Amino acid sequence: MLLLQKLTLLNFKNYEEATFTFSSQLNCIVGENGVGKTNLLDAIHFLCLTKSAFSHIDTQHIRHENPFFMLQAWFEKEHKTYQIDCSVQKEKGKTLKINKKEYDKLAEHIGQFPCILMMPYDTDLIREGSELRRKFFDNVISQIDKIYLQDLMKYNHLLKQRNALLTQFAEGNYIDKDLLQSYDVPLMLLNVELYQKRKDFLNDFVPLLQQYYHFLSEGKEVISLEYETNVTLTDFSTTFQSCFAKDLAAQRTTLGIHKDDYAFKFNDLAVAKFGSQGQQKTYVIALRLAQAAVIEQLTGQKPLLLLDDIFDKLDENRIRKLLAKIDDGEFGQVFITDARPERTQSLLQSLRREVKMISL
């Protein structure tokens, strides 16, 4: 079982210096708004996924007027202890170490200590554009499949270079077909590989999503998740190359997995357009719980479950059902934030799980 035993923060966001130790079961971080509850969860997210859940500009998380921040954590996994050190300096960038040895590439760390963060803004996954949904699923698959992450990084790098080349061709009024092919060939191969992995992943993920939604909603609706893509396994290379004139006019690559989307539906209707606030919230909770379940199913490891400010955003029935799942031990180590300690104690007093209260 994966456990976060201890965490130290130095100059991270609003923390000048602080150290926390945690229960192996349920940790409740309570305190008034603005004291750093969410920032503490984000520090855990940073150590697990090498980045913040809120901003990918690392230096923005350095405490005001300081030159660096540092995070240090001790994880237990499969009866072994791992020390993780992460530092970000304004002039030197980011370093990440495991047991005092620096990673050659940060991507090597992804998936070692998986975590899921459930936030009040998760309904943006339904309401906002396709990029957010792609990032969600890429994050899940990357914590399970290192080759997927490597291929996705290669794809994004090649895509950026090809788009720059298209702009160069359009502005310079010339075309170098041999140079273009040096990007097209690997991009076409990666499109098919990543498409297949996304498709295969959904075969495992969707039944879990439907199971959790059914539990949370008491079976009131039938939900589905449809993968929308312009990539096909039949002669994709011909289709891709036939789009060159369109790509040149747009100065960007118009076909590929970077255009994929995921359609969230209930009773064959779009959740974004026809779903009530309650239905949308239930769908995103089910997404996060299915995310935790599929990581365990495919890796054998329960991820850390970080629940930020959920009691304010959920009705009593959904809170009761979620806590029942936690109390049954369905998830691993859990972290919950709440601005009202008395409410937290009232909701958790009947649980069998060990509860540690952390007041900020």
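Ala18 is found in strand S2. The model is a predicted one, and its confidence is summarised as follows: the protein chain has an average pLDDT of 93, with 100% of the residues scoring at least 70.

Leaving aside residues up to four places away in sequence, Ala18 touches Leu7, Thr8 and Leu9. Between the C-alpha atoms of Ala18 and Leu40 the separation is 10.0 Å, while the two residues are 22 positions apart along the chain.

## The antiparallel sheet

Strand S2 belongs to an open sheet of six strands, ordered S2-S1-S4-S5-S6-S7, with antiparallel pairing. The edges are formed by strand S2 (15-21) and strand S7 (101-102), each of which pairs on one side only. Helix H1 (residues 37-49) packs on this sheet and touches S1, S2, strand S4 (68-77), S5 and S6. The direction of H1 makes about 110° with that of S1.

Strand S5 (residues 80-89) is joined on one hand to S4, by ten bridges, and on the other to strand S6 (residues 93-98), by six bridges. In both cases the strands run antiparallel. S4 and S5 form a hairpin with two residues between them, and Glu78 in the turn has a positive phi of about 50°. S5 and S6 also form a hairpin, with three residues between them.

Cys86 illustrates the position of S5 between its two neighbours: Cys86 is the bridge partner of Leu71, and in S6 the bridge partner of Cys86 is Leu96. Ser87 stands opposite Thr95 in S6. Seven of the ten residues of S5 are buried, so the strand is largely enclosed by the rest of the structure.

## The parallel sheet

A further open sheet consists of five strands in the order S8-S12-S13-S3-S14, with parallel pairing. Strand S8 (115-118) and strand S14 (355-359) are the edge strands, each pairing on one side only. From one strand to the next, the twist averages 15°.

Within this sheet, strand S3 (residues 26-30) and strand S13 (residues 334-338) run parallel and are joined by five bridges. Val30 stands opposite Asp338 in S13. Helix H12 (residues 341-348) lies across S3, S13 and S14, and runs at about 160° to S3.

## Aromatic side chains

The structure holds 20 aromatic pairs. Two of these pairs are set out below.

| Ring pair | Distance between centres | Angle between planes | Arrangement |
|---|---|---|---|
| Phe136 and Phe137 | 4.9 Å | 90° | edge-to-face |
| Phe201 and Phe205 | 5.4 Å | 25° | stacked |

The Phe136 and Phe137 planes, at 90°, are over 60 degrees apart, and the pair is therefore edge-to-face. For Phe201 and Phe205, the angle of 25° falls under 30 degrees, so the pair counts as stacked.

Are the side chains of the Phe136 and Phe137 pair buried or exposed? Phe136 counts as buried at 6% relative accessibility, and Phe137 is buried with a relative accessible area of 0%. Phe201 and Phe205 are likewise buried. Because they lie four residues apart in helix H5 (residues 177-217), Phe201 and Phe205 are separated by about one helical turn.

Both pairs belong to one aromatic cluster, formed by Phe136, Phe137, Tyr195, Phe201, Phe205, Tyr227 and Tyr262.

## Charges over rings

Lysine side chains also meet aromatic rings. Lys6 lies over the face of Trp74, at 5.1 Å from the ring centre. The charged end of Lys325 sits over the ring of Phe215, 4.3 Å from its centre.

Terms used: Residues numbered from 1 in each chain as written. Predicted model: local features only at pLDDT ≥ 70, side-chain atom pairs only at ≥ 80, totals over all residues. Heavy atoms only, no water. pLDDT = per-residue confidence, 0-100. Pairing = 2+ DSSP bridges. Contact = heavy atoms within 4.5 Å. Axes fitted to C-alpha atoms, helices over the stretch in contact; angles between N-to-C directions. Phe/Tyr/Trp six-rings, centres within 6.5 Å; stacked < 30°, edge-to-face > 60°. Buried < 20%, exposed > 50% of the residue type's maximum accessible area, 1.4 Å probe, protein only. Lys NZ or Arg CZ within 6 Å of the ring centre and 35° of its normal.
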